[in-house]
Amino acid sequence: MNIMQVEVVSNEEHIFSGEASFVVVPTLTGELGIYPRHEPIMSLVRPGALRLTVPGESEELLVAVSGGLLEVQPDKLTVLADVAVRSEEMDQARAEEAKKAAEARISQAQDDESLAKAQAALAAAIAQLKTLDYLRSQKNK
């Protein structure tokens, strides 16, 4: 079986370290599907669902990422995410409330620092909502 080593790290914690046979990463130019032995690339990550096909698991592992950097080597994929949350830790109502709160903070921001923090919180909430939408669409198939 073809596998690659995958590392997903956020500013706060190590989210995933292990093997995968396929990974889908949300990038600025669209979703990028990566198999082992992929050509080396670097890309910016946009808010959305990072999907990993892990050997021996029947379902994809989903991680909401709010942005960051992707590095691909033939035998290793690394995502350095601004914020990353595993799908089992997400809650629809909490994510929607976080999105509303971030939007309110953006409209009330008094300086660049508070605006940047509010925008980062909004990106994290949007990433979780996109991941939860993906989960719902897969269950309805």
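In the classification applied here, Ala, Val, Leu, Ile, Met, Phe, Trp, Tyr, Cys and Pro count as nonpolar, Asp, Glu, Lys and Arg as charged, and the others, Gly among them, as polar. The structure described is a predicted model.

By this classification, the lining of the largest pocket divides into four nonpolar, two polar and four charged residues. The pocket has a volume of about 250 Å³. Its lining consists of Glu59, Glu60, Leu61, Leu62, Ser87, Glu88, Tyr134, Leu135, Gln138 and Lys139. Two elements, β7 (61-65) and α2, each supply two or more residues to this lining. The greatest share comes from α2, which gives four residues.

Helix α2 (residues 112-139) also packs against helix α1 (residues 92-108), the two axes coming within 8 Å and crossing at roughly 150°. Angles over 145 degrees count as roughly antiparallel, and α1 and α2 are therefore roughly antiparallel to each other. The crossing of these two helices is left-handed.

On the α1 side, the contact is formed by Gln92, Ala95, Glu96, Ala98, Lys99, Ala102, Glu103, Arg105 and Ile106. These residues meet Leu115, Lys117, Ala118, Gln119, Ala121, Leu122, Ala125, Ile126, Gln128, Leu129, Leu132 and Arg136 in α2. By class, the contact between α1 and α2 contains 12 nonpolar, three polar and six charged residues.

Terms used
Residues numbered from 1 in each chain as written. Predicted model: local features only at pLDDT ≥ 70, side-chain atom pairs only at ≥ 80, totals over all residues. Heavy atoms only, no water. Axes fitted to C-alpha atoms, helices over the stretch in contact; angles between N-to-C directions. Parallel < 35°, antiparallel > 145°, perpendicular 65-115°, else oblique. Left-handed = near helix turned anticlockwise from the far one by under 90°. Contact = heavy atoms within 4.5 Å. 1 Å grid on protein atoms, 1.4 Å probe; cavity = no way out; pocket = protein on both sides within 12 Å on 5 of 7 lines; lining within 4 Å. Points joined across faces, edges and corners; volume = space filled by probe spheres on them.
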